[in-house]
Amino acid sequence: MRSVPAAARGYVLCAALGAAGCAAPAFAPGTAWNAVALLALLYAVGERAAVRHGPAVPAFQPVLLAGVFLLPPAAAALVAVPGALLGHVERHPRWPRRIWRAAHLALAAWAAAQAHAALGGPAATAAPDFPYVLLPAAAAVLCFAAVLTVLDGGILVTAERVPPRRAWRGLLPGSLAPAAVHGLAGLMMAVLWSSPYGPPAALLVLLPMGVSCWVFGQYHRERAAHRATIRALVQAVDIKDRYTRGHSERVGRASVMIAREMGMDDDRVELLRFAGILHDVGKLGVPTRLLRKEGPLTPQERRVLELHPEYGHEMVRGIGFLGQARAAILHHHERLDGSGYPYGLKGRQIPECARVVAVADAFDAMTSTRSYRRARPVAAAVAELRRCAGTQFDPAMVGALARALDRCGWDAEVTAGGNVTAPPGPAASDPAAPDPAADRAAPGPVVPGPAAPRRDADGRGADDRSADDRSADDRGADNCGTDDRGTGGQGSGGRGPRPSGGAVPGASAARGPAGR
């Protein structure tokens with residue numbers, strides 16, 4: 001329970017007490033306990049079986065709605081309780097999640113049964129009186145989805161600290177669509193239950209529910225395969241450049257924080273998580289000696305390293321489920337002022353997902369401890385991002401990350417950068433502190449270069465460092481956290497000519513118009 005905010009604990013407790021109060025009248029004489037027990041058993045067994053085919057999905061919700069159509073409100077509230085309390089929960093803390101699941105399903109079933117009874121639904125179902133029976137059933141389904149929406153939005157506010165203005169956005173359509181389908185199956189089950197054939201006939205409805213469960217399982221297995229593919233790619237990058245181990249996951253987490261703060265839908269949030277995790281996968285195509293080099297990079301070496309976004313784009317272009325995440329991998333080193341790479345895009349020419357990942361990448365680079373410097377405090381990193389907003393970073397993305405950090409914080413364990421110990425020296429928050437290459441993998445002494453002035457000669461100030469690029473002049477704060485290596489005082493915009501000697505393997509297809 002330590003990880004559950006106090007507001008969420010109170011909210012779950014209130015929901016549980018409310019559900020108990022709604023179900024209490026069922027313990028008075030006259031309740032059809034045989035029907036309650038059979039429906040509760042069907043729901044519990046069905047949900048347990050559904051777990052075998054993948055993550056828990058509401059494939060057996062028609063049983064709950066059949067209880068709504070067949071039972072008094074208090075008894076209908078009890079149908080979901082055993083299955084919810086005994087069901088599989090993947091994330092900790094498990095028991096608060098089980099109690100919450102039982103309480104919010106019980107409250108939704110009780111409210112739906114009240115609406116159904118108010119419109120004469122039980123008599124219409126027992127007759128059955130078609131098509132009138134559809135009216136109270138539709139009202140019950142709508143009420144069921146509405147209560148789930150209200151309660152789910154509340155838990156997002158209290159447990160996930162989602163702003164109230166966004167907590168309920170899109171929840172009702174997401175609840176209503178499956179509830180409508182499940183409601184039809186539940187109504188069919190209730191009509192058959194009330195028919196002369198009795199409960200055994202109602203069990204026939206379990207067949208399509210089983211098929212539905214199998215389809216959900218296939219979908220979740222496919223998603224699990226996608227995640228395994230991404231994990232394999234990230235592990236390959238971590239093995240090649242182990243000083244940045246964990247960097248990709250943290251960039252993915254920060255990208256999700258920005259996306260949620262910007263109010264993006266769940267599918268886009270998931271794509272941005274993939275983009276953040278895979279943004280540096282192109283380093284697999286960069287020679288290991290460059291990633292592990294301890295001294296400054298030569299201009300030729302820097303130009304080779306700057307090919308890693310194109311390598312990454314080429315590596316993932318055939319993975320269809322990544323969608324627009326591929327654009328973020330290709331363009332996350334572009335700058336708003338047009339001095340980034342690989343194509344020098346400006347402003348809104350840079351895809352939105354790439355602008356999100358650029359800010360997340362910079363933030364993690366500054367707040368992660370490396371072998372040659374301490375991590376900057378979160379406040380100092382945010383201040384540096386704000387200073388670079390408008391030239392290097394999208395101010396809207398910087399502001400979104402700052403608001404998300406104010407609300408949710410940033411786990412120090414996440415930013416620790418593994419077991420790497422920073423050497424003694426200037427504090428990371430000191431803007432004049434040298435900040436040599438990020439993401440080195442070979443241990444050894446760091447050879448610092450001369451300190452640079454606060455701003456570049458062109459007045460831009462922020463150098464766009466990619467998660468393992470060194471600056472030969474060792475500029476500190478002006479690198480603004482994105483870790484791109486420069487040489488001889490070259491700023492982030494120093495793209496220069498490509499390496500000579502033929503086409504770049506794997507990058508030609510990603511160059512875009514005019515052979516770029």
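Student: Which charged end sits over the ring of Trp 410?
Tutor: That is Arg 253, whose charged end lies 4.3 Å from the centre of the ring. Keep in mind that this is a predicted model.

Student: And is Trp 410 buried or exposed?
Tutor: Trp 410 counts as buried, at 11% relative accessibility, because the cut-off for buried is under 20%.

Student: Which other ring pairs with Trp 410, and at what angle are the planes?
Tutor: Phe 363 does: the two ring centres are 5.1 Å apart and the planes stand at 85°, so the pair is edge-to-face. Phe 363 lies in helix 19, while Trp 410 sits in the segment after helix 21 (395-408), so the pair ties together parts 47 residues apart in sequence.

Student: How accessible is Phe 363?
Tutor: Phe 363 is buried, with a relative accessible area of 0%. Its backbone takes part in a contact too: the backbone oxygen of Phe 363 is 2.8 Å from a polar side-chain atom of Thr 367. Thr 367 is also in helix 19, and it counts as buried at 2% relative accessibility.

Student: How many aromatic pairs are there in the structure?
Tutor: There are four. One of them is Tyr 11 with Trp 100, with centres 5.6 Å apart and planes at 40°, so that pair is tilted.

Student: Where do Tyr 11 and Trp 100 lie in the chain?
Tutor: Tyr 11 is in helix 1 (residues 6-23) and Trp 100 is in helix 6 (residues 94-118), so to speak distant parts of the chain, 89 residues apart. Tyr 11 is partly exposed, with a relative accessible area of 22%, whereas Trp 100 is buried at 11%.

Student: What sits over the ring of Trp 95?
Tutor: The charged end of Arg 98 does, 5.0 Å from the centre of that ring.

Student: New topic, charges. How many salt bridges does a search of the whole structure find?
Tutor: The search finds 15. One of them joins the side chains of Arg 227 and Glu 270, at 3.7 Å from N to O. Arg 227 belongs to helix 12 (residues 206-240) and Glu 270 to helix 14 (residues 266-278), so this pair ties together parts 43 residues apart in sequence.

Student: Is Arg 227 buried or partly exposed?
Tutor: Arg 227 is partly exposed, with a relative accessible area of 31%.

Student: Which salt bridge does Arg 268 make?
Tutor: The side chain of Arg 268 meets that of Glu 352, with 3.0 Å from N to O. Arg 268 lies in helix 14 and Glu 352 in helix 19 (residues 352-367), so here the parts tied together are 84 residues apart in sequence. Glu 352 is partly exposed, at 29% relative accessible area.

Student: What about Glu 314, which residue does its side chain meet?
Tutor: Arg 317, in a salt bridge of 3.2 Å from N to O. Glu 314 is partly exposed, with a relative accessible area of 25%, and Arg 317 also counts as partly exposed, at 40%.

Notes. Residues are numbered from 1 along each chain as its sequence is written. This is a predicted model: local features need pLDDT of at least 70, side-chain atom pairs count only at pLDDT 80 or more; totals for chains, interfaces and linings use all residues. Side-chain values use heavy atoms; hydrogens and water are left out. A salt bridge is a side-chain nitrogen of Lys or Arg within 4 Å of a carboxyl oxygen of Asp or Glu. Helices (H or I, at least four residues) and strands (E, at least two) are DSSP runs, numbered from the N terminus. Buried means under 20% relative accessible area, exposed over 50%, partly exposed in between (1.4 Å probe, protein chains only). Rings of Phe, Tyr and Trp (its six-membered ring) pair if their centres lie within 6.5 Å; planes under 30 degrees apart count as stacked, over 60 as edge-to-face and the rest as tilted. A charge sits over a ring if NZ of Lys or CZ of Arg is within 6 Å of the ring centre and within 35 degrees of the ring normal. A polar contact is a pair of N or O atoms within 3.5 Å; within protein, one must be able to donate a hydrogen and the other to accept it, and residues adjacent in sequence count only if both atoms are side-chain atoms.
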